[in-house]
Amino acid sequence: MEFHASNTPLLDWSGDALIIGLSEDALPLTGTLAELNSRVSGLLQDLIDDVEFTGKDGATAITRVGSGSNIRKLGVVGLGSSNAMTADTLRRAAAAAARLAKKEKSASLGLSMPVVQDDPALTAQALAEGVSLALHQDNRFKSEDKDGKNGKAPVEQVHLLGLAGQESSLQTAQAICDGVILARELVSAPANIVTPEALAQTAQDIATAHGLELEILEQADCEALGMGAYLGVAKASDLPAKFIHLTYKPAGTPARKLAIIGKGLTFDSGGLNIKGAGSGIEMMKIDMGGAAAMLGAAKAIAQLKPNTEVHFISAAAENMISGRAMRPGDILTASNGKTIEVNNTDAEGRLTLADALVFAEKLGVDAIVDLATLTGACIIALGDDIAGLFSENDELAGAIAAAAEAAGEKFWRLPMEEKYFDGLKSIVADMKNTGPRPGGSITAALFLKQFVTSTPWVHLDVAGPVWTEKESGYNNPGGTGFGVRTLVHWVLRQEA
């Protein structure tokens with residue numbers, strides 16, 4: 001698929017489908033749109049009237065244009081109120097337009113959308129992201145239709161009308177979408193495909209393609225560093241654990257030095273506290289959603305080349321069952337010397353993150369962000385679309401929240417209620433790995449806090465949004481690649 005930032009006027013564009021974004025206050029038609037309506041013998045107004053189109057956010061309609069016109073199909077997509085319009089409004093509108101064009105077997109698509117925030121670059125980037133992500137189809141594991149057409153002609157060319165000169169924005173969009181799609185495909189793949197070794201190989205592929213540094217710590221290396229919490233989780237699996245440390249360094253002196261940690265449990269059986277019926281065990285391939293986002297961000301950042309050094313880290317492993325498995329009641333010692341009584345082997349992600357956080361802080365970074373499909377409690381609190389944000393550093397929390405808003409990803413800051421740590425206190429060790437059921441996502445964040453001393457740190461619990469069962473916005477059923485865009489926006493803003 002090719003994108004073109006076009007200076008062709010709306011009235012002069014030729015192609016298969018012209019789709020126009022209309023806000024609620026753009027009706028009745030005036031100016032150029034009224035002239036377009038006249039040129040197509042009133043079809044645009046007829047379409048609006050026939051479907052009672054009001055410009056409601058997400059509404060779509062399309063009609064065939066008669067012979068003699070320079071376009072074959074003419075469509076509209078609603079943008080809601082112009083006062084509430086954001087870049088994400090345009091992402092979702094572009095996604096809806098792209099799906100409509102594909103359904104109508106339109107090889108070429110012309111998009112005419114208003115400029116958001118008086119920023120043509122932001123507008124072009126949002127539109128390109130929406131189209132690319134909506135049209136991505138992952139059919140790798142289907143025996144038929146591997147080209148993703150699903151019986152429909154693909155959209156081959158997309159012309160962003162009135163946005164000439166925004167080629168660099170299209171390149172940024174492409175890099176970000178490359179990262180999101182990588183994360184989607186990692187999350188969607190089964191655990192017999194995406195193993196700890198496969199995650200390490202993905203990191204190697206990124207390093208090789210873009211000139212990043214890569215260090216893979218094997219079991220002996222982790223033992224030497226005292227990573228008892230991480231290795232306690234990993235030891236039951238027949239597949240070797242892989243501690244991934246991928247580093248992007250800019251050409252010059254970096255403005256800042258950051259660390260991004262992704263939870264990398266490629267399958268979570270629950271361990272000896274095995275997940276039972278109705279637990280969603282068959283979906284535990286998604287338990288590396290944090291690592292997928294981390295690697296997706298690495299792929300994007302490597303292409304965008306910001307003046308910020310970024311360390312991408314994941315303690316990749318499986319949580320399995322065998323004669324070597326950690327037992328409820330076992331005591332593990334993390335690499336900072338703190339001891340952990342394991343009272344539930346199904347709270348394993350925080351154990352791997354503990355040693356990853358200690359490792360990251362020793363690098364002397366200015367800030368740490370971790371992403372993890374950590375708790376079902378966060379899904380109960382915030383649902384499937386919103387991730388939890390935890391931090392005691394207001395500046396860093398605000399920076400992540402601002403990046404998320406620009407990216408169109410939803411986070412909600414939850415409290416770090418110190419009193420709740422009482423539920424993690426152990427009689428025989430420094431702490432237990434789980435506390436009482438109430439406030440489970442908060443106690444999980446408080447557990448992680450014990451492994452960061454002074455570095456500004458944010459924990460993102462992304463358990464809900466990394467997967468969707470239905471088409472929504474620019475996401476298709478399966479892995480969503482959630483978190484990649486927020487991370488990339490955050491890193492790019494460090495140069496300001």
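**Notes on the predicted model**

1. The protein is divided into domain 1 (2-141 + 152-161) and domain 2 (173-493), with bounds that come from an automatic or database domain assignment. Between the C-alpha centres of domain 1 and domain 2 the distance is 38 Å. Domain 1 brings 17 residues to the contact and domain 2 brings 21 residues, where contact means heavy atoms within 4.5 Å.

2. Some conventions apply throughout. This is a predicted model, in which local features need pLDDT of at least 70 and side-chain atom pairs count only at pLDDT 80 or more, while totals for chains, interfaces and linings use all residues. Residues are numbered from 1 along each chain as its sequence is written, and side-chain values use heavy atoms, with hydrogens and water left out.

3. The area between the domains comes next. Domain 1 and domain 2 bury about 1600 Å² between them, and 58% of this lies on carbon and sulfur atoms; buried area is the accessible area (1.4 Å probe) that two parts lose on being put together, summed over both. Of the area that domain 1 buries against domain 2, Arg-99, Leu-133 and His-136 supply 39%, more than any other three residues.

4. What polar links join the domains? Between domain 1 and domain 2 there are 13 residue pairs in polar contact, both residues at pLDDT 80 or more. A polar contact is a pair of N or O atoms within 3.5 Å; within protein, one must be able to donate a hydrogen and the other to accept it, and residues adjacent in sequence count only if both atoms are side-chain atoms. The count of salt bridges between domain 1 and domain 2 is one. A salt bridge here is a side-chain nitrogen of Lys or Arg within 4 Å of a carboxyl oxygen of Asp or Glu. The side chains of Arg-99 and Glu-471 form a salt bridge at 3.3 Å, N to O.

5. On the side of domain 1 that touches domain 2, helix 3 and helix 4 (120-135) each supply at least two residues. Helix 4 gives the largest share of that side, seven residues. Helices (H or I, at least four residues) and strands (E, at least two) are DSSP runs, numbered from the N terminus.

6. Arg-91 deserves a separate look. Arg-91 lies in helix 3 (residues 87-103) and counts as buried because its relative accessibility is 1%. Buried means under 20% relative accessible area, exposed over 50%, and partly exposed in between (1.4 Å probe, protein chains only). The Arg-91 side chain reaches the backbone oxygen of Ala-407 at 3.3 Å. Beyond its neighbours within four places in sequence, Arg-91 is in contact with residues including Glu-129, Tyr-474, Arg-485 and His-489.

7. Two of those partners, Arg-485 and His-489, are among the buried residues of helix 14. Helix 14 (residues 484-492) is mostly covered, with eight of its nine residues buried.

8. Which residues does UniProt mark as "binding site"? The unreviewed UniProt entry places this feature at Lys-263, Asp-268, Asp-287 and Glu-348; such annotations may be inferred rather than shown by experiment, feature names are shortened, and positions are given in the numbering used here. These residues span 86 residues in sequence, yet no two of their C-alpha atoms are more than 11.6 Å apart, so they gather at one spot.

9. Lys-263 sits in the loop between strand 9 (257-262) and strand 10 (264-268) and is buried, at 3% relative accessibility. Its side chain makes a polar contact of 2.9 Å with the side chain of Asp-287. Glu-348 is found in the loop between strand 13 (339-341) and helix 10 (349-361), and is buried with a relative accessible area of 1%. Leaving aside neighbours within four places in sequence, the contacts of Glu-348 include Lys-263, Asp-268 and Asp-287.

10. A cis peptide bond joins Leu-27 and Pro-28, with omega about 5 degrees; Pro-28 lies in the loop between strand 2 (15-22) and helix 1 (31-39). Lys-105 is not a glycine, yet has a positive phi of about 55 degrees; Lys-105 is partly exposed, at 49% relative accessibility. Asp-118, likewise not a glycine, has a positive phi of about 55 degrees. Asp-118 is located in the loop between strand 5 and helix 4 and is exposed, with a relative accessible area of 74%.
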